[in-house]
Amino acid sequence: MYKLKQRIKRIFTIIIFLIILGFSILSIYYYYNIYDELITVRTHKKSKYIFKDSKDYSSLNNKDNGNIENNEINYDNEINYGNESIKGNESIKGNENNYDNENIDNENIDNENIDNENIDNENIDNENIDNENIDNENIDNENIDNENNINNEKQYKKSLTEESSFLIGQNFTNLDAERVNLNIIHQALYPWLYNFRFQSIADLVKSSHGRGIVICVGNSYFKLVRSTIDTFRNVLHTDLPIEIFYIGDEDLSEDNRKILKEYKDVYIEDITTYFDNEKVNIGGWAVKPFAILASRFEEVILIDADVIYLHEPALLFDDPGYKQTGTLFFQDRTISPGPHPGSKWLKSWMIDPLPETRNLRFWKEETIHEMESSTVVIHKIRNILGLLTVCKLNEKVMRNDVVYKYVYGDKETFWMGFDMAREHYHVNPIPCSYIGNREKDDEGKKFCGHIGHSLSNGKFMFWNGHLIKDKNKSSFNDERSLIHFDSYYIDDNIGEWNSDLTCLKMDKKPVKLIPLSEDESNTLNTILSREKKYHFIISNN
């Protein structure tokens, strides 16, 4: 009888999920068709320019040199030597005359060299001027391109706010059947979205401006986030504003909020004041996509509280994939290849994935984990459909009864949500890195540390795990708790990990370690020095 009840409960859960999923797909299908022609900045392609005023430098080089070659000098003319008048061919004082002729020849050669030098300098000057003109033309074209993008984005926002206005109305008199259905489905899917901070999609669009960093944190990770913010402000000197989200008054104490506010351009917000939390019940990892949606920024770098950066985080916005799609996701380690419950579940309902989804290791069953979400970069207005779907997958009922049973936390819901919304996304092509240092114990040689990430420009950007060897310890007593990383390993899918995935074994399989650059090492040493001086994390004992 008990087994029968469990089976009925499981079937009921699956039916509920399929109904919700059906509503999601239908809603997003409507969204996509309505907005498809309006989203002019979706591809965000860089224009190509042909410089019409290109110069032919060969004509410059030949013209003046030709004049020099044709300029003949008559040495037979009478010349003065002292007080005597002597003809060039006269034999009297021939040696002296020859000597003078040699001087004249040398003088002429020197003059010719000087003239050549002047011409070369003139050519260089002309070439510099031309290069300057080309540079100025490039700048002008880039300015035009940026201006066009800004105008396109303004038009997109205007269209988005106007075309979405019917979604929140209760009067269906002037709506066609398609929009009536979309209105009903939208409010059924996102009942938590309105009547708190936002009354419409237009309110959400108007509240978002510029670029910034978003971090979700409670009291348990307060020390780590304080150190992270200190690194941003006093080591990397980034001027990106930072927005901190917490979940209710008990999550982050008022005293801790005041300490974080002491840093420049740091804003503290309670996420429960943005949405109907009784309906969505935000908690744990699930807060992250909602924080992106609620943030005051249009372009968001979402980071975990325990992330350490070695370079200016704004560099992430320069990534070509981000510029094209408005997204930048990062890979997790490749582990546990083969079919797994998550891949079977996904393929049972995702029947027509996007090309980038088909290329994922998760889809091809090469790993049990695809994405590592300690940093997620999203242009939320360009990708509002994808972001709303990610949030849907992280509602309490959805995450606890369905999604989190098949994937580990929030991280896979980002690309899944974007695929459901038919919004293209970009995953950093550089595999996950592992930053650490060599160790040796009874098990042999190993490389221990934390998961990190590099960009295609060769920079090692950040890692997840902060400055502590084991962040899960309740307290960090002294400097022995701090890391001392010097190199990193880019996941090549051949490394062998220990049982708790904290160390890479080095005895049996070769491991190629890449040393941190001098600048990266200096930055890390500065961060560690500030920790030893101010004790953001470790105790003062």
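**Figure 1. Polar contacts of Glu269 in the predicted model.** In this predicted model, a polar contact of 3.3 Å joins the side chains of Glu269 and Tyr274. A polar contact of 2.7 Å links the side chain of Glu269 to the side chain of Arg296. Glu269 belongs to strand E5, which spans residues 266-270. Is Glu269 buried or exposed? Glu269 counts as buried because its relative accessible area is 14%, and the cut-off for a buried residue is under 20%. When neighbours within four places in sequence are left aside, the residues in contact with Glu269 are Arg197, Glu243, Ile244, Phe245, Tyr246, Tyr274 and Arg296.

**Figure 2. The open sheet that contains strand E5.** Six strands make up an open sheet, in the order E5-E4-E3-E6-E9-E8. The pairing in this sheet is mixed. Which strands lie at the edges? They are E5 and E8, each of which pairs on one side only. Within the sheet, strand E3 (residues 211-216) pairs with strand E4 (residues 242-246) in the parallel sense, over four bridges. Val214 has Glu243, in E4, as its bridge partner. Glu243 is also one of the residues in contact with Glu269. In general, the strands of a sheet pair through backbone hydrogen bonds, and the pairing is either parallel or antiparallel.

**Figure 3. Antiparallel partners of strand E10.** Strand E10 (residues 433-441) and strand E11 (residues 444-454) run antiparallel and are joined by nine bridges. Arg438 has Phe447, in E11, as its bridge partner. Strand E10 also runs antiparallel to strand E13 (residues 487-490), to which four bridges join it. For Ile435, the bridge partner in E13 is Tyr488.

Figure 4. Val511 is placed in the loop between E15 and strand E16 (514-515). Because its relative accessible area is 17%, Val511 falls under the 20% cut-off and is buried. Leaving out residues up to four places away in sequence, Val511 touches Tyr489, Leu504, Lys505 and Met506. How far apart are Val511 and Lys446 in sequence and in space? They are separated by 65 residues in sequence, and by 9.7 Å in space from C-alpha to C-alpha.

**Figure 5. Two loop residues with positive phi.** Most residues other than glycine have a negative phi. Ser336, although not a glycine, has a positive phi of about 50°. Ser336 is found in the loop that lies between strand E8 (327-328) and helix H11 (341-349). With a relative accessible area of 45%, Ser336 is partly exposed. Leu501 likewise has a positive phi, near 60°. The loop that holds Leu501 lies between strand E14 (496-497) and strand E15 (503-505). Leu501 counts as partly exposed, at 29% relative accessibility.

Figure 6. Which residues of H11 are buried? They are Gly342, Ser343, Trp345, Leu346 and Trp349. These residues lie on the same side of H11 because they cover an arc of only 165° around the axis. On the other side of H11, the residues Pro341, Lys344 and Ser348 are exposed. An α-helix has 3.6 residues a turn, so residues three or four places apart point the same way.

**Figure 7. The largest nonpolar core, around Leu293.** The largest nonpolar core has 60 residues, of which Trp192, Leu193, Phe275 and Leu293 touch the most other members. Helix H13 (residues 384-393) supplies the largest share of this core, with seven residues. Leu293 touches Trp192, Leu193, Phe198, Leu204, Phe275, Lys380, Ile384, Leu387, Leu388 and Cys391, not counting residues up to four places away in sequence. Apart from this core lies another, of 51 residues, including Leu252, Ile527, Leu528 and Ile538.

**Figure 8. The whole chain, as context for the close-up views.** The chain contains 16 helices and 16 strands. Of its 541 residues, 47% count as buried. The accessible surface of the chain is about 28,700 Å², and carbon and sulfur atoms account for 47% of this area. Among contacts between residues at least 6 apart in sequence, 75% join residues at least 24 apart.

Key:
Residues are numbered from 1 along each chain as its sequence is written. This is a predicted model: local features need pLDDT of at least 70, side-chain atom pairs count only at pLDDT 80 or more; totals for chains, interfaces and linings use all residues. Side-chain values use heavy atoms; hydrogens and water are left out. A nonpolar core is a set of buried Ala, Val, Leu, Ile, Met, Phe, Trp, Tyr and Cys residues joined through side-chain atoms within 4.5 Å. Buried means under 20% relative accessible area, exposed over 50%, partly exposed in between (1.4 Å probe, protein chains only). Contact means heavy atoms within 4.5 Å. Accessible areas come from the Shrake-Rupley method with a 1.4 Å probe; for residues, only the protein chains shown count as cover. Two strands pair if DSSP finds at least two bridges between them. The arc is that of the directions from the helix axis to the C-beta atoms. A polar contact is a pair of N or O atoms within 3.5 Å; within protein, one must be able to donate a hydrogen and the other to accept it, and residues adjacent in sequence count only if both atoms are side-chain atoms.
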